[in-house]
Structure formats: C-alpha cells, structure tokens
Amino acid sequence: MKKFLTLVVSAGVVSAGAMMIAGVAQAATLDDVNARGYLQCGVSQGLPGFSNADDNGNWTGIDVDLCRGVAAAIFGDANKVRFTPLSAKQRFTALSSGEIDILSRNTTWTMTRDTQLGLNFAGVNYYDGQGLMVPSGLGITSVSELDGANICTNTGTTTELNITDYFRANNMSFELIAFEKADEVVAAYDAGRCDVYTTDRSGLAAQRTKLTNPDAHVVLPEILTKVPLGPVVRQGDDQWFNIVRWSLNAMINAEELGVTQANVGSMMGSNNPSIARLLGDEGNFGEELGLGNDWAANIIKAVGNYGESYDKHITPLGLARGVNALWNEGGILYAAPIR
Ligand SMILES: N[C@@H](CCC(=O)N[C@@H](CS)C(=O)NCC(=O)O)C(=O)O
C-alpha cells in the first residue's frame, strides 16, 4: 500500500518535468526528422515479437515494423530509422525530452499517460491483457491461490499498479519484487526468487522463451486487466500525431483491403476506390500529411500489412490473432477509413 502511493507521487513529479520539456521541444517533428535524415524510435531493451535486436543489432518486431513503416512513409526508405532501447522507467522522459520521435515499445495506453505526461497515444497496435505465470511444479491453477505469493515484475509499468490493485481488491497479500530491467525479472523468476511472474500476456509468451525450461511454467487462465498497447508521441504536434496514427491505420486498412507486401505493386491502378486512395492513385492523402502520396504504398512495400507483420513476429510466440483480428473477422481491429 505504502509502495503504491509512493509510485503514484513520483509519477506526478516526472510528469511535471516532462511537460515543461515537451513545451520547448514542440517544433514540427516532421521537419526535424527530415533535416536529421532519419527517424529516432524508442523501443524495448529486448522483447521478442515486439522489439528485439539480434547479435548484429538488427531490430525486429511489430513495434519495430511500425517505426520502419513511418520511416518508409517519410523517406521511402524503411532503413532511415535508428532504435533507442529504453527501460520502462526511461521511456517517457526519452520521448518528452525529444531524444526520440516515437515511442513504440509495448506501452499501455492509459488516461494519465495522456493527461499527466503531455503525451498522446496514436492508436493501438496490439490489444493485450495482464497475465501471470507460475512454475508448473507449484501446482497452482488459479490466481485465487496466490495469497501471500512473491511476485516479480518490472518497475515503471502499469503491470506493477494493476497487480497491486488486484490483490488489494481481493483482500490478498503479496510481496512485489520489481526490477528495472526485464532480463533481471526473468533471471529472478528463473532462479526461484519469486513464485509468480506478471506482465502483459504477450510479454509472458516472449519472456518465457528465455527461461531455462520454458515448458516447466504455466500461464494462469485469468486476465487481470485490459492492456491496449500502442505508439506514443509528444502532445502539441498534430501533424506528427497524424503521421503515426495514419501509418498504423494504413497497415490495418491494407490488410482489410487485401493489399500485401507481395501484391502492392500490382494493386497500383486498382479500380477499387479504397485501394486507389490507400496507394495514392486517387486523392492527396499523403500530401495532406506532409508526405508523398505514395506514403502508404511505401509502408506496405517495406513491412507489409498489419496481418503480415503480426504473422511474422507474433505468431511464432504461439499467440493466435484473437481480439487482434480485423473487426470483420471476429476481432476488434478497426481502423478509420482513408477517404
Ligand atoms: N505494457 C506495460 C508493461 C511494459 C513493460 O515494460 N513490460 C516489460 C515486460 S514484458 C518489458 O517491456 N520488458 C522488455 C524491456 O524492458 O526491454 C506498460 O506499458 O507499463
């Protein structure tokens, strides 16, 4: 309880500073990015499926694809982006201070992150929920059996706040063991320092691959809270906000319209008006964002549509599309139309 209050207060202090810095750094982000010649994208320190670097420093994941897509929309070149790995605690300050142009780092959209931090979420690129993992050997099958448990997670996350809410609401006690680096959480849990590992369910699927024996752990059936993850920008630059929002929407709309990385070239000149607008054959949608009219075609050529990005990065974690399917295929993915 005491710890929870301390966290809330310290988040308030951070936000006041962040807003002042954001006030100074309010210039047109697109102009800065163009002048610099590349996009600066804040990502995680390594989360398979979302943002993860290989031994050669090549970043992959759906959050990475979003940034590569924005780079392609601006420059026609998905390689004109640099990635800054950030812990959960560092991420918002990096964005407020102007160190990065976009935060694309499995970040949960909440009200205070919009209102207190001077930031805006440009959309949702993964609908998640908070989950809990335990060693199968403990024989636990439900969160209701966790009274008195030691629980490991990351500092500076909604995960920390949600788990506290849940245990308090259910009159259960627990000890929270929180680390700044995700790999420290994995190591502590793997070494048996905690009975439970809680984070976003996608994060559990990703992080369990790093355990000594991934099959010796089970994700409990309960979902504690909803967790909408999406890209974040500074407030005060609506053009930039729109570029990020519509880059994501373009990927989702491309999937809905059947435009893929492989067929985007042959879809040019399509007599389907929605496809013609998406690909810049009709209208000035790109120019109105400050980009070329081939902005969306370049995104799709570079990273594919949303479903392709999902299949490439998230499906290998064993996570089915579920609610992240398109609205007309049983999911809740619903992008506003380009028109
Ligand atoms: N979505 C939550 C949690 C984000 C978070 O930091 N999750 C951890 C555990 S999955 C993580 O990203 N680890 C990877 C890293 O820190 O690089 C939030 O926005 O607060």
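Student: How many cavities of 30 Å³ or more does the structure hold?

Tutor: Rolling a probe the size of a water molecule over the atoms shows where empty space is left. A cavity is a set of points, on a 1 Å grid over the protein atoms alone, where a 1.4 Å probe fits but cannot get out. The structure holds two cavities of 30 Å³ or more. This is a predicted model, in which local features need pLDDT of at least 70 and side-chain atom pairs count only at pLDDT 80 or more, while totals for chains, interfaces and linings use all residues. Residues are numbered from 1 along each chain as its sequence is written, and side-chain values use heavy atoms, with hydrogens and water left out.

Student: Which residues line the largest cavity?

Tutor: Lining residues have an atom within 4 Å of a grid point. The largest cavity, with about 40 Å³ of space, is lined by Ile62, Leu66, Asn125, Leu248, Met251, Tyr306 and Ser309. Helices H3 (62-75), H9 (238-257) and H13 (306-313) each supply at least two residues of this lining; a helix here is a DSSP run of H or I with at least four residues, and a strand is a run of E with at least two. By class, the lining has five nonpolar, two polar and no charged residues.

Student: Which residues of helix H8 are buried?

Tutor: Buried means under 20% relative accessible area, exposed over 50%, and partly exposed in between, with a 1.4 Å probe and protein chains only. Helix H8 (residues 201-208) is mostly covered, with six of its eight residues buried: Ser202, Gly203, Leu204, Ala205, Ala206 and Gln207. The cover over these buried residues includes helix H7 (182-190) and strands S7 (126-135), S10 (196-200), S11 (217-219) and S12 (226-229).

Student: Which residues are closest to the ligand?

Tutor: A residue is near a molecule if one of its heavy atoms lies within 4 Å of it. Of the 20 residues that surround the ligand, the closest are Gln45, Arg91, Arg105, Thr108 and Asp200. A polar contact is a pair of N or O atoms within 3.5 Å; within protein, one must be able to donate a hydrogen and the other to accept it, and residues adjacent in sequence count only if both atoms are side-chain atoms. Backbone N or O atoms lie 2.5 Å from a ligand oxygen atom in the case of glutamine 45 and 3.4 Å from a ligand oxygen atom in the case of glycine 46. In aspartate 200, a side-chain N or O atom is 2.8 Å from a nitrogen atom of the ligand.

Student: Is asparagine 106 buried or exposed?

Tutor: Asparagine 106 is buried, with a relative accessible area of 14%. Its place is the loop between strand S5 (102-103) and helix H5 (111-115), and its phi is near 25°, a positive value in a residue other than glycine. Asparagine 171, with phi near 55°, lies in the loop between helix H6 (158-169) and strand S9 (174-179). Asparagine 171 is exposed, at 71% relative accessible area.

Student: Which residues does threonine 107 touch?

Tutor: Contact means heavy atoms within 4.5 Å. Leaving aside residues up to four places away in sequence, threonine 107 touches Arg91, Phe92, Arg113, Phe121, Pro228, Leu229, Gly230 and Val232. Threonine 107 is found in the loop between S5 and H5 and is buried, with a relative accessible area of 0%. A polar contact of 3.0 Å joins its side chain to that of arginine 91.

Technical notes
On a 1 Å grid over the protein atoms alone, a cavity is a set of points where a 1.4 Å probe fits but cannot get out, and a pocket is an open set with protein on both sides within 12 Å along at least five of seven lines; lining residues have an atom within 4 Å of a point. Grid points are joined across faces, edges and corners, and a volume is the space filled by probe spheres set on the points. Ala, Val, Leu, Ile, Met, Phe, Trp, Tyr, Cys and Pro count as nonpolar, Asp, Glu, Lys and Arg as charged, and the others, Gly among them, as polar.
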